[in-house]
Amino acid sequence: NFNYKSLLYLTGAIRVDGSSVFGPDQRNQKYFKGSGSYIISEHKFWKDMAMNKVWNFAKLRLAYGESGNLTGIGAYSRFNTYSSNSFVSRTSLVSSSTLANTNVKPERQREIEFGIDLGFFNSRLNIQTNIYSKKVDDLLINRFIAPTTGFSSLLDNFGSLENKGFEIVINAKPIQGKDFNWSVTGIYNHNRNKAVKIGQ
């Protein structure tokens, strides 16, 4: 964490997650995140301006983050498992129709967000805007494969999703008295999901 004169705030982190359900080469994953905000209204020139009585707060925000899906498969999904069955009075082993993949890895999500916070009339009217773009890679999908392999599908990291949108939040306090307060919040958001790559 870093703070410069209550104007600039920076935060960064590295996270390492591990799960034994994945293969030895894929079970430990690193995720990065960082964010920063710049409060313009904390500058002396802003506080000395006459408009500060009307427009008292202004902040810019930027953030980036990664995360993963460590519960995307079962404990032994990376192995070909067999179940016992009776065949001609003898015990037989029957495989699952899905071919296991020892190199499968967690899905990875990356998101970047930009925001602006504004405050007016001594913060009795606040406007918050967020614009974001999120992408999920290495989707875990059962892909169809040739039946001559003895299986009908393969669990694989194949596919991407994209999620973009924006959100506007308006919070107002029309009445702020000693015995009675009234606050109103309005939210508008727009979101678009897109399958970028899903295979066959």
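User: What makes a contact a salt bridge?
Analyst: A side-chain nitrogen of Lys or Arg must lie within 4 Å of a carboxyl oxygen of Asp or Glu. This is a predicted model, and by this rule the count comes to eleven salt bridges.

User: Why is the pair of Glu42 and Lys47 called a salt bridge?
Analyst: Their closest N and O atoms are 3.5 Å apart. The cut-off is 4 Å, so the pair qualifies.

User: Why is Lys47 called partly exposed?
Analyst: Its relative accessible area is 44%.

User: Why is Arg108 called buried?
Analyst: Its relative accessible area is 12%. Buried means under 20%, so Arg108 is buried. Glu66, at 17%, is buried too.

User: What makes the contact of Arg110 with Glu66 a salt bridge?
Analyst: Here the closest N and O atoms are 3.7 Å apart. The limit is 4 Å, so this pair passes. Arg110 is in E8 and Glu66 in E4, so parts 44 residues apart in sequence are tied together.

User: How do you know that E4 and E8 pair?
Analyst: Pairing needs at least two bridges. E4 and E8 have 14, in the antiparallel sense, so they pair.

Conventions:
Residues are numbered from 1 along each chain as its sequence is written. This is a predicted model: local features need pLDDT of at least 70, side-chain atom pairs count only at pLDDT 80 or more; totals for chains, interfaces and linings use all residues. Side-chain values use heavy atoms; hydrogens and water are left out. Helices (H or I, at least four residues) and strands (E, at least two) are DSSP runs, numbered from the N terminus. Buried means under 20% relative accessible area, exposed over 50%, partly exposed in between (1.4 Å probe, protein chains only).
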